[in-house]
Amino acid sequence: MLALTELGQRLRQERESKGLSLEDLQKLTKIQKRYLLGIEEGNYEVMPGKFYVRAFIKQYCEAIGLDTDAIFEEYKSDIPSTQTEDMPQQLSRVRSRKEIPQHTKGVSKAYDYLPTVLVVAGVVVVGIIIWVIAQNIVSDKNKEQANQEAPHSEVQQSNTQEETNETTAKNDNSKSEDEQSAADKKEQEKEKAEKEKAAKEKAAKEKAEKEKAEKEKAEKERKDSGKQEYKEVQKTGRSATYALSGTDAFNLEVTSTQADTWLDVKNGKGNAFFSSILKKGETKEFDLTKETEARVNIGYSPGVELKVNGKAVDLPFDSSKQVRQVVTIQYQPAEAQ
């Protein structure tokens, strides 16, 4: 194993003081564990390049709450320079118009005219079909006139009557379809009105229930806030103990507003409710009403907010001076007092 540099020793001490392992730091920074270990050991040969050494050290410092500029200035002899090294460039997969082979331009242009050619061809074909049908009709009429000896007045009258009957039937059918369409439309409008009415009634019911629940919750919080007492019992090192009384509920909320942090919540028997990274902007809620004690271990306290039964409580120590803090809450229900 390589000897630690002064920078590596400083970073490792800060990391361990915050209760973070290399695996935890890997989750926070998204940097592989072997690169983080290389930074602590001063083994920069494992890095992809000098630029990545400086970038990884910067992310390491930010994750554990150190001033990056101050670290780079204080340990500049331990950190390689990147003045002559450039970042690797990504190759573009998009080809310019000049790179497209010239012989494909003619094909592309031909494809542009293809729809017009197809339309013209379709019109010509339809015209030919109509002309052939018309010729056949004329020919059939001439043959019929040549073979008939009697006048066609009765036939024409019969044809006219048939056409009149067909027109009447079509009108009747059209009228029936219109009446059916009107009836269907009326029925659809009725169903739509019923659905809208049901939706409005449901929304009004849900709104009333929500308002009732919010009112009951506010009333309960008002009553509890008048009785609830949260006071400090003792404080030592990075740990503090508080007593919660005067309430029948013990609900804890933990929110991280500035950065990811390690969070460990256990009861008095050591059973864990949560033991993982609490991401920036994330809130975890715990119902500890059945517990008599809860221990909250915060790895990076800046920006961490605690609420007990919906009421914000202060952390026991100044987070700028004491990054890692352990808060123990002893709970005694009101009914047991």
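**Figure 1. Salt bridge between lysine 266 and aspartate 264 in the predicted model.** Lysine 266 forms a salt bridge with aspartate 264, and their closest N and O atoms lie 3.9 Å apart. The structure shown is a predicted model. The 3.9 Å separation counts as a salt bridge because the cut-off is a side-chain nitrogen of Lys or Arg within 4 Å of a carboxyl oxygen of Asp or Glu. Lysine 266 is partly exposed, because its relative accessibility is 28%. Aspartate 264 has a relative accessible area of 7% and is therefore buried, as buried means under 20%.

Figure 2. One of the contacts is between the side chains of glutamate 14 and lysine 18, at 3.3 Å from N to O. Glutamate 14 has 21% relative accessibility and so counts as partly exposed. Lysine 18 is buried, because its relative accessible area is 4%. In the whole structure, the search finds 11 salt bridges.

**Figure 3. Salt bridge between glutamate 73 and lysine 76.** The side chains of glutamate 73 and lysine 76 meet with an N to O distance of 3.5 Å. Lysine 76 counts as exposed, because its relative accessibility is 54% and the exposed class begins over 50%.

**Figure 4. Pairing of strand 4 with strand 7.** Strand 4 covers residues 261-267 and strand 7 covers residues 293-298. The two strands run antiparallel and are joined by five bridges. Aspartate 264 has asparagine 297 of strand 7 as its bridge partner. Aspartate 264 is also the salt-bridge partner of lysine 266.

**Figure 5. Pairing of strand 7 with strand 10.** Strand 10 spans residues 325-331 and pairs with strand 7 in the antiparallel sense. Six bridges make up this pairing. Glutamate 293 has glutamine 330, in strand 10, as its bridge partner.

**Figure 6. Surface patch of negative charge.** The patch gathers Asp184, Glu187, Glu191 and Glu194 on the surface. Glutamate 187 belongs to helix 7, which covers residues 153-227. With 42% relative accessibility, glutamate 187 is classed as partly exposed.

Methods
Residues numbered from 1 in each chain as written. Predicted model: local features only at pLDDT ≥ 70, side-chain atom pairs only at ≥ 80, totals over all residues. Heavy atoms only, no water. Pairing = 2+ DSSP bridges. Helix = DSSP H or I, 4+ residues; strand = E, 2+ residues; numbered from the N terminus. Patch = residues over 30% accessible without salt bridge, like charges linked within 9 Å, V, L, I, M, F, W, Y side chains within 5 Å. Areas by Shrake-Rupley, 256 points an atom, 1.4 Å probe, with all protein chains shown as cover. Lys, Arg positive; Asp, Glu negative; His and termini not counted. Charge placed at Lys NZ, Arg CZ, Asp CG, Glu CD. Buried < 20%, exposed > 50% of the residue type's maximum accessible area, 1.4 Å probe, protein only.
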